[in-house]
Structures are given as structure tokens and as C-alpha cells.
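Thanks for asking me to look this one over. Here are my notes, with the model itself first.

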Amino acid sequence: ATSFGSNQNMKKRLVLVLMAIVVVTASVAAYYGVNRTDGGPSVITARVSRGDVVESVDATGTLQAVTTVQVGSQVSGTIKALHADFNSRVRRGQVVAELDPSLLQAQVEQAQAGLVRVQADVDRARIQVEDAQAKLKRARELFAAQLIPAVDLETAETTLRETEASQKAVEAQVVKARASLNQNRVNLNHTIITAPIDGIVISRNVDVGQTVAASMSAPTLFVIAQDLTRMQVTASVDESDIGRIRAGQSVVFQVDAYPGEAFSGNVTQVRLNAVVEQNVVSYVTVIDVPNPEVKLKPGM
């Protein structure tokens, strides 16, 4: 009886195990049947490699030439002629503009006339000194011969000193008149405006016939960029990120003109002067950028 009961229990266990296997198999088959795709499972593989962990900082900035010179006028006048325009390549010393010289030429001629007048005054004063010296010599001879009183001798000496002082005064006027003439000649020369450096004109702010006034400050006529094959980006970096910026770091940036192209450069300077706008503190970071194809333009 004991043997028979054991056989019955074993059969029940086998039946239960077989039913569990059938249920699991059916569930798996149903799952794969529902989630089956026509192409089968896709496997993505990648090669294992080593590399640096990059910590990036985002910032915005403006491109500009490394060296930019504003060409102005030191004298006031009317633009007579322009010899350079936007995108003109100029050489150092090349004439880029001319002012009407007629007014300054008249001032030069007036200064020349003033110099001639004071030089004539010097000649007159020199003659008076020579005459006073001769009179003093005769007065001393007459006084030695007791032919004139001492007061006449003193008068002759005083007259000589006065004429010598007058001569020095008019000689000083000659120096002043010559300086005035030189100044007017320099102003006349400034009507010819030349390029201070080799470069390309990126801005022209005047037209022929326009009057420029240089009474308080020199007006800007042209802006010349020395070399557009080397550019700079002045980027504003937030104060929370500026601690991670160092000179020599590599920079990758994009401009709207070339949305699918990346340009590279290097940090050359982190300026200490803080810029505060609407309670937001940022620091200007200068980035050196090679531009051999001149694809990058100032202001981008």
C-alpha cells in the first residue's frame, strides 16, 4: 500500500511539471509572436577606445580683426576727394582722402606775412640798439672830458638797456610767428589723409562734400583692419564658468553664415575687467582664430 501511494504521488508531480513547462513555452511563444519584426532583432556594435573626457563651456562672442585702426582728421574741413572705399586694400602712406585746403592755405599765407612783419621789427630794434650804443660811447667820451653832466651819461645808458630789451621782445615775437607758421603748415599737410597701416578698409563714414569738424575730437573717416587672415573672438563667459577658462585652451565655435562648419581657435587672454549687465556678471575672453581663407568676417 505504501508503494502504491508513492507511485501515485510521483505521477501527480510529473503531470504538474509538464503542465508548467507547457504554460511557460506557450507564454514565450506568444510574446515573441506579438513582438516579432520582419527584419529580426538588430544588433549595434561599437569599438572600444580610450579618449579624453571633455568639459565644455558655452559662450557667445563677436569676431573682429586683431589690429583695427580708426583713421580720422586732425583738422576741420570739407571732403574734397576720396581715394578709398569699402573693401579697398591700402598700403601704409597711401592717400585715402583729401580735405579742401583753401582755408588752411590762407592761414599759412597770413602766418608768413606776420613772420615778415616781426622780422622787420627785429631789424628796426637792432638799428635802435646800435644807435644807442653809439650815443652811449660818445656820452662816455664827453663825460670823461667833463663836457656833459653825469645825468646825460645815465640817460644814454638807460636808453641802451631799453632798446636791448625791446630787441629781445621782438626776437621772441619772431620765434612765436615762426611757430605759428609751422603749425599752419602742419595743419595744411593734414588735409592730405593717408593710411597709417597696410590693410583693408572695412568701414567708410564720409562722402565727398561732407564737412568734418575736428574741434573737440578727431572724426573717424575710415576703419582699416590690418590682417583678416588672423581674427579674434571676444566672447562673454559667465562668472560661474570663468574659473574653468585658461589661456591656451582649444575652442570650437560656429557662425550663422556657415551653420554646418566648425571653426577652431585658442584662448589667448582672460580679461579681469568684469562686465555687469542686468546684474549678470561676465568676463571677456579673447580667442585667437586663424582665417586663411578669409571666410570669417568682422562682426560675425
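1. A definition to begin with: the expected span of a helix is 1.5 Å times one less than its number of residues. Please keep in mind that this is a predicted model. Helix α3 covers residues 150-189, 40 residues in all, so it should span 58 Å, and the 59 Å between its end C-alpha atoms agrees with that.

2. Which residues of α3 are buried? They are Leu153, Ala156, Leu160, Thr163, Gln167, Val170, Val174, Ala177, Leu181, Asn184, Asn187 and Leu188. Among the elements that cover them are α2 (102-144) and β6.

3. By class, the lining of the largest pocket has 16 nonpolar, eight polar and four charged residues.

4. The second largest pocket has about 180 Å³ of space. Its lining is made up of Val71, Gly72, Ser73, Gln74, His190, Ile192, Ile193, Thr194 and Ala218. Two or more of these residues come from each of β2 (68-72) and β6 (192-194), with β6 giving the largest share, three residues.

5. How many charged residues line the second largest pocket? There are none: the lining has four nonpolar and five polar residues.

Technical notes:
Residues numbered from 1 in each chain as written. Predicted model: local features only at pLDDT ≥ 70, side-chain atom pairs only at ≥ 80, totals over all residues. Heavy atoms only, no water. Nonpolar A, V, L, I, M, F, W, Y, C, P; charged D, E, K, R; others polar. 1 Å grid on protein atoms, 1.4 Å probe; cavity = no way out; pocket = protein on both sides within 12 Å on 5 of 7 lines; lining within 4 Å. Points joined across faces, edges and corners; volume = space filled by probe spheres on them. Helix = DSSP H or I, 4+ residues; strand = E, 2+ residues; numbered from the N terminus. Buried < 20%, exposed > 50% of the residue type's maximum accessible area, 1.4 Å probe, protein only. Contact = heavy atoms within 4.5 Å.
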